[in-house]
Amino acid sequence: MDIVLTIVYAVLILGFLVFIHEGGHYLAARAFGVRVTEFMLGLPGPSIGFTKGGTKFGVTPILLGGYAKVCGMEPGEMSPHLEAVLASLYRRGTANMEDVARDCGITDDEAYEALEELVEWGSAKGPTKKDRFNTYRAPEVRPSKKALAAGAAAYDLGEARPVEDAHALFESEYRQQYRSLPFWKRSVILVAGVAVNLLFAVALFVVIYSVVGVDVQLSSGEIRHVTVGPLQAVQLGFMYIGMVVQLVAGLFNPATAGEVVQSSSSIIGIAAMSKQAVDMGLMSAMMFVASISVSLGVMNLLPIPPLDGGRFVIEVFQKVSRRVVSMRALNYLSLAGMALFVCFFLVMANQDIQRFVFGNWG
């Protein structure tokens with residue numbers, strides 16, 4: 001039973017914190033007019049839910065975290081055939097890759113590349129498992145009641161629609177992409193998840209120190225229950241964030257990197273500690289959730305793809321150098337980053353097994 005509760009507590013805590021992290025990305029993207037095709041509770045996979053405002057909200061079977069599919073975040077140069085391919089697909093409604101290539105006078109490979117990019121934009125729907133060929137469809141359009149009253153048309157998935165101005169259609173779709181935004185707006189979207197995690201932690205610290213209060217042992221040995229003002233609680237919260245930042249920064253110092261890794265925990269340790277924190281009561285559970293939220297936020301700032309900090313560094317590099325990082329380069333960087341995290345995980349998982357399974361608490 002203890003093992004089941006440990007897993008349940010870990011899934012609930014980590015799942016919620018990752019979910020609000022992705023919620024930060026979603027809210028920032030929508031605030032800047034960027035299309036988000038999916039916002040899910042759970043890891044990517046089969047899902048159930050509903051669609052509203054062009055975004056599918058729902059849940060997946062693995063309720064550990066969540067994700068927001070922000071359109072236009074893929075790196076690299078855009079296909080030069082997007083405008084023609086988009087118009088061809090919309091006029092047909094449903095079309096095979098070869099049909100689009102023939103309409104646009106391009107090769108099948110060029111049509112495939114452009115169609116896949118439009119799928120990533122949310123401007124097209126890709127082939128399904130039931131399709132025998134590379135069949136693409138124009139997306140469903142369900143305007144709001146206000147838009148319908150103004151003359152906007154509704155279309156079903158794969159339904160043909162008129163395209164009077166191919167360039168205007170392309171510009172309309174492009175303006176809803178992450179890549180169309182200026183540098184500062186793209187940066188806000190990237191760090192919004194981290195900001196939500198840190199602000200949520202600070203809010204918990206305010207509740208803990210200003211509303212609930214904490215027990216403090218005085219020099220006389222007397223234990224007194226005290227509360228502090230909200231501003232002081234916020235200050236304490238940011239002081240804790242600063243300590244975590246300083247600790248994580250130690251990873252980049254050869255003299256302290258080993259000590260930082262040794263004092264860190266993998267998901268195994270977090271799961272074990274989550275049960276301990278919940279068993280100790282509400283105050284302990286709130287402190288634990290706040291600390292994990294801070295750790296999750298700060299760790300995502302590490303300049304390692306595919307973390308938010310890594311993507312931000314790439315954005316800065318592109319801004320300064322005026323060069324676009326290719327998909328191949330990003331894939332290599334992401335693989336290197338994942339390899340580094342796997343190494344860290346194996347080391348920390350071994351430590352956690354020694355501590356929590358074999359009782360080596362040293």
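Reply: Start with the crossing. H1 passes H11 in a right-handed crossing. A crossing is right-handed if the near helix is turned clockwise from the far one by less than a right angle, and left-handed if anticlockwise. Helices (H or I, at least four residues) and strands (E, at least two) are DSSP runs numbered from the N terminus.

Two notes on the basis. This is a predicted model, where local features need pLDDT of at least 70 and side-chain atom pairs pLDDT 80 or more, while totals for chains, interfaces and linings use all residues. Residues are numbered from 1 along each chain as its sequence is written, and side-chain values use heavy atoms, without hydrogens and water.

Now the geometry. H1 covers residues 2-31 and H11 residues 282-299. Their axes lie 10 Å apart, and the packing angle is about 45°. That makes the pair oblique. Angles under 35 degrees count as roughly parallel, over 145 as roughly antiparallel, 65 to 115 as roughly perpendicular, and the rest as oblique. Axes are lines fitted to C-alpha atoms, over the stretch in contact for helices, with angles from 0 to 180 degrees between N-to-C directions.

Which residues of H1 and H11 meet? H1 brings Ile-13, Leu-14, Leu-17 and Val-18. H11 answers with Phe-288, Val-289, Ile-292, Ser-293 and Leu-296. By class, the contact of H1 with H11 holds eight nonpolar residues, one polar and no charged. Contact means heavy atoms within 4.5 Å. Ala, Val, Leu, Ile, Met, Phe, Trp, Tyr, Cys and Pro count as nonpolar, Asp, Glu, Lys and Arg as charged, and the others, Gly among them, as polar.

Stay on H1 for one more residue. His-25 is found in this helix. Its relative accessible area is 8%, so His-25 is buried. Buried means under 20%, exposed over 50%, and partly exposed in between (1.4 Å probe, protein chains only). Beyond four places in sequence, His-25 touches Ile-189, Leu-190, Ala-192, Gly-193 and Asp-308.

Next, H7. Helix H7 spans residues 183-212 and carries Phe-205. Phe-205 is buried at 3% relative accessibility. Its contacts beyond four places in sequence are Ser-210, Ala-233, Gly-237, Tyr-240, Met-287 and Ala-290. From Phe-205 to Glu-113 is 49 Å, C-alpha to C-alpha, and 92 residues in sequence.

A loop residue comes next. Gly-45 sits in the loop between strand S1 (36-41) and strand S2 (48-52). With a relative accessible area of 38%, Gly-45 is partly exposed. The C-alpha of Gly-45 is 18 Å from that of Leu-14, at 31 residues in sequence.

Met-97, Glu-98, Val-100 and Ala-101 of H3 touch Asp-108, Ala-111, Tyr-112 and Leu-115 of H4. That contact has six nonpolar residues, no polar and two charged.

Last, the whole chain. The secondary structure comes to 13 helices and eight strands. Of the 362 residues, 40% count as buried. The C-alpha atoms fill a box of roughly 85 × 50 × 45 Å along the principal axes. Among contacts with a separation of 6 or more, 61% join residues 24 or more positions apart.
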